[in-house]
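Visitor: I have a structure here that I would like to walk through with you. Could you show it to me and take my questions?

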Amino acid sequence: MTHWTEMNLWTIDDIPWHSFDRSRVDPDLVKMVKAASLVENNANIYADYLGNVFHQHPEVQKLTRVWAGEEVRHGETLARWATLADPDFNFEEAVKQFRNNFQVPIDLSKSVRGSLTGELLARCVVETGTSSHYTAMRHTTQEPVLSEICHRLASDELRHYRTFYEASKVFLATDRISLINRIKVVGGRVLELGDEEMAHAYYAANAEEGPFDQKRHGQAYARRVYAIYQPHVTERIVAMLFKIVGLKPHGLLCHFVGRRAQAFMQGRARRYARAGI
Ligand SMILES: [Fe+2]
Ligand SMILES: [Fe+2]
């Protein structure tokens, strides 16, 4: 578990805020950054949950506290950029609205993934998603400060992925969960990535008009996210997911799934755009 002590490597003051260039801000990216700032800010709730699930493993509890601190800092950093891009953005107010509307669907008393290995694999899926998200955003944005933020965040998320993956190998030695069960945990968590939490975050962060509509706000978020994924980023997501499951990460099957996933996302992005979402 060598990555566990490497955390806390930068602070919000290391970001070159003076280089912010308003003329290069993309309004769709602003909406995504705002939503991401709220979700990152929820990390302490997940850390409470993981702390309970791993109550017999103080080294994991300690890790998850440090990890949550990093995620919350991601949220603060993104919120500060969003406020530069849109001075009307009120992070505290958006957090309040998000938390009023959406409760993180976890039971603090027991594991929802069936095993400690499953918990860590599910974390790996989320870190795969966030690392790729910021990588795709860095390749898309023309704004230099957001590019720098995404660079730092993507590398933090990749380190989180490696940390949880390494930890999962330790627990797998005793849990011995089958390939099928690994696929179930990983597949289940992948499906949850497009879940309520992101739709609610998008709604609260962007002060959308009218009542919350899971389908509409989920699609509005998905359209913007799917549109920025480059093929090589999608292929990397699939390779990382294959590795989490325990399958060969660069074989023909992985390549095939990567291409299908890219076609799916591009198709959805176009369809939602045509529908004016
Ligand atoms: Fe993060
Ligand atoms: Fe992370």
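**A walk through the fold**

Guide: Gladly! From the N terminus on, the elements of the protein chain run α-α-α-α-α-α-α-α-α-α-α. This is a predicted model, where local features need pLDDT of at least 70, side-chain atom pairs count only at pLDDT 80 or more, and totals for chains, interfaces and linings use all residues. Residues are numbered from 1 along each chain as its sequence is written, with chains lettered from A and ligands numbered from 1 in the order in which they are written.

Visitor: How many helices and strands does the protein chain have?

Guide: Both are DSSP runs numbered from the N terminus, helices being H or I with at least four residues and strands E with at least two. By that rule, the protein chain has zero strands and eleven helices.

Visitor: How many of the 25 residues of helix 5 are buried?

Guide: Helix 5 covers residues 116-140 and reaches 36 Å from its first C-alpha to its last. A residue is buried if 20 or more other C-beta atoms, placed from the backbone, lie within 10 Å of its own. Helix 5 is largely enclosed by the rest of the structure, because the buried residues number 22 of the 25.

Visitor: Which residues is Ala-35 in contact with, leaving aside its neighbours within four places in sequence?

Guide: Contact requires C-beta atoms, placed from the backbone, within 7 Å. With those neighbours set aside, the partners of Ala-35 are Met-198, Ala-201, Tyr-202, Ala-205 and Tyr-221.

Technical notes
Two residues are in contact if their C-beta atoms, placed from the backbone, lie within 7 Å. The expected span of a helix is 1.5 Å times one less than its number of residues. A residue is buried if 20 or more other C-beta atoms lie within 10 Å of its own, exposed if 12 or fewer, and partly exposed in between; C-beta atoms are placed from the backbone.
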